[in-house]
Amino acid sequence: MPTMQDLLKTLYTMAMLVEARDAYTGGHLWRVSRYAHGLAAALGLPQAEVERIALGGFLHDLGKIGVPDAVLNKPDRLSDEEYAVIKTHPQVGADLLSGHPLAELVLDAVLKHHETPDGRGYPQQLAGKAIPLAARIVGIADAFDAMTSTRPYRQGMPVEKALAILRDNLGGQFDAELGQRFIQLAEAGGFDQVLGHSEPGMPMQRCAGCGPIIALEAGARDGDEIFCPACATGYRVAREGRRFSLKPSGRSDAVRARQPRANQALIEALLAEAATLQTRKRPGLVELLFG
Ligand SMILES: [Fe+2]
């Protein structure tokens with residue numbers, strides 16, 4: 001009989017498949033999950049609810065697995081038709097999850113993270129508090145990470161500018177109280193270990209040509225060779241204890257650069273953190289489902 005841990009692991013693994021499709025956004029899911037966790041915790045929600053919302057942050061873009069690469073990775077403006085395709089991803093994610101035993105934990109975030117308080121979001125044009133709390137939180141976390149992350153084709157915004165945009169859109173695109181709280185947290189340095197990182201203690205590494213877009217795994221060893229996912233330039237990992245840097249290896253490998261990897265160590269770390277909390281919230285869930 002699968003344990004809660006086993007079931008959670010399948011959810012994390014599904015989420016990682018989406019990230020494997022799009023190497024340019026290395027660490028996005030982890031950061032969104034951590035921002036959502038930080039905001040939910042600051043609201044004083046019960047720990048189990050905090051962890052549930054963080055899990056929703058990790059799963060929120062699951063439906064992007066159904067969006068073609070040509071649309072997902074297109075650097076220029078999307079056509080109306082392409083935008084319509086993008087807008088299917090919340091419902092696609094919800095549909096893909098619908099048979100999963102733990103779907104109910106994350107469906108609100110997956111289906112509704114692009115709803116906006118002004119009712120101009122998608123897919124259901126929900127407004128205000130009709131949007132579940134988890135979805136309002138993940139919506140803020142997602143937008144903040146999208147603004148502050150560097151992509152091969154554009155530089156990430158300075159934090160101050162991203163926070164100013166959040167502030168300008170309180171009550172419109174973003175929940176006013178939650179957005180205000182998020183800004184306070186960010187300004188107080190509450191996200192300094194998340195911003196510009198791809199997992200705990202791991203700052204994004206810089207490609208000389210593309211900027212800080214290389215997500216290096218905590219398990220990387222001294223001398224490992226890695227390749228920029230965008231331009232395929234090779235680098236040697238120089239590791240001293242928990243400090244990492246990259247030195248050009250003088251090689252380039254477009255095949256290895258685009259080879260996706262699931263970060264199993266990160267999944268294990270996330271599980272270790274979530275396990276007790278999730279089961280404490282619904283102690284009988286697994287028994288209920290499989291008993
Ligand atoms: Fe999304």
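**Exercise 1. Salt bridges**

The structure holds 15 salt bridges. A salt bridge here is a side-chain nitrogen of Lys or Arg within 4 Å of a carboxyl oxygen of Asp or Glu. This is a predicted model: local features need pLDDT of at least 70, side-chain atom pairs count only at pLDDT 80 or more, and totals for chains, interfaces and linings use all residues. Residues are numbered from 1 along each chain as its sequence is written, and side-chain values use heavy atoms, with hydrogens and water left out.

Task: Find which parts of the chain Asp175 and Lys129 link.

Solution. 
- Step 1. Check the contact. Asp175 and Lys129 form a salt bridge, 3.3 Å from N to O.
- Step 2. Asp175 is in the loop between helix H9 (159–168) and helix H10 (176–187). Lys129 is in the loop between helix H7 (103–112) and helix H8 (133–148). Helices (H or I, at least four residues) and strands (E, at least two) are DSSP runs, numbered from the N terminus.
- Step 3. State the link. The two residues are 46 residues apart, so distant parts of the chain are joined.
- Step 4. Check exposure. Buried means under 20% relative accessible area, exposed over 50%, partly exposed in between (1.4 Å probe, protein chains only). Asp175 has 5% and counts as buried. Lys129 has 56% and is exposed.

**Exercise 2. A second partner**

Task: Is Arg136, a partner of Asp175, buried or exposed?

Solution. 
- Step 1. Find the contact. The closest N and O atoms of Asp175 and Arg136 are 2.9 Å apart, and the pair forms a salt bridge.
- Step 2. Locate the pair. Arg136 sits in helix H8, 39 residues from Asp175 in the loop between H9 and H10.
- Step 3. Read the accessibility. Arg136 has a relative accessible area of 13%, so it is buried.
- Step 4. Compare another bridge. Asp224 and Arg221 also form one, with closest N and O atoms 3.8 Å apart. Asp224, at 24%, is partly exposed. Arg221, at 57%, is exposed.
- Step 5. Look for shared partners. Lys129, Arg136, Asp175 and Glu177 belong to one network of salt bridges.

**Exercise 3. The iron site**

Task: Why is the arrangement of donor atoms around the iron ion irregular?

Solution. 
- Step 1. List the protein donors. They are Asp61 (OD), His89 (NE2), His113 (NE2) and His114 (NE2), 2.1 to 2.3 Å from the iron ion. Donors are N, O and S atoms within 2.8 Å of the metal (3.2 Å for Na, K and Ca); water is not among the atoms, so sites may look incomplete.
- Step 2. Read the angles. The four donor atoms subtend 86 to 177 degrees, which makes the arrangement irregular.
- Step 3. Apply the rule. Four donors are tetrahedral if all angles lie between 85 and 135 degrees; four are square planar and six octahedral if opposite donors are over 155 degrees apart and all others between 65 and 115; anything else is irregular.
- Step 4. Follow the chain. The spacing is D-x27-H-x23-H-H. Asp61 lies between helix H3 (47–59) and helix H4 (69–72), and His89 in helix H6 (residues 89–97), so the pair ties together parts 28 residues apart in sequence.
- Step 5. Check burial. Asp61 and His89 are buried.

**Exercise 4. Helix H3**

Task: How many of the residues of H3 are buried?

Solution. 
- Step 1. Count. The number is 12 of 13, so H3 is largely enclosed by the rest of the structure.
- Step 2. Name some. Among them are Val50, Ile53 and Phe58.
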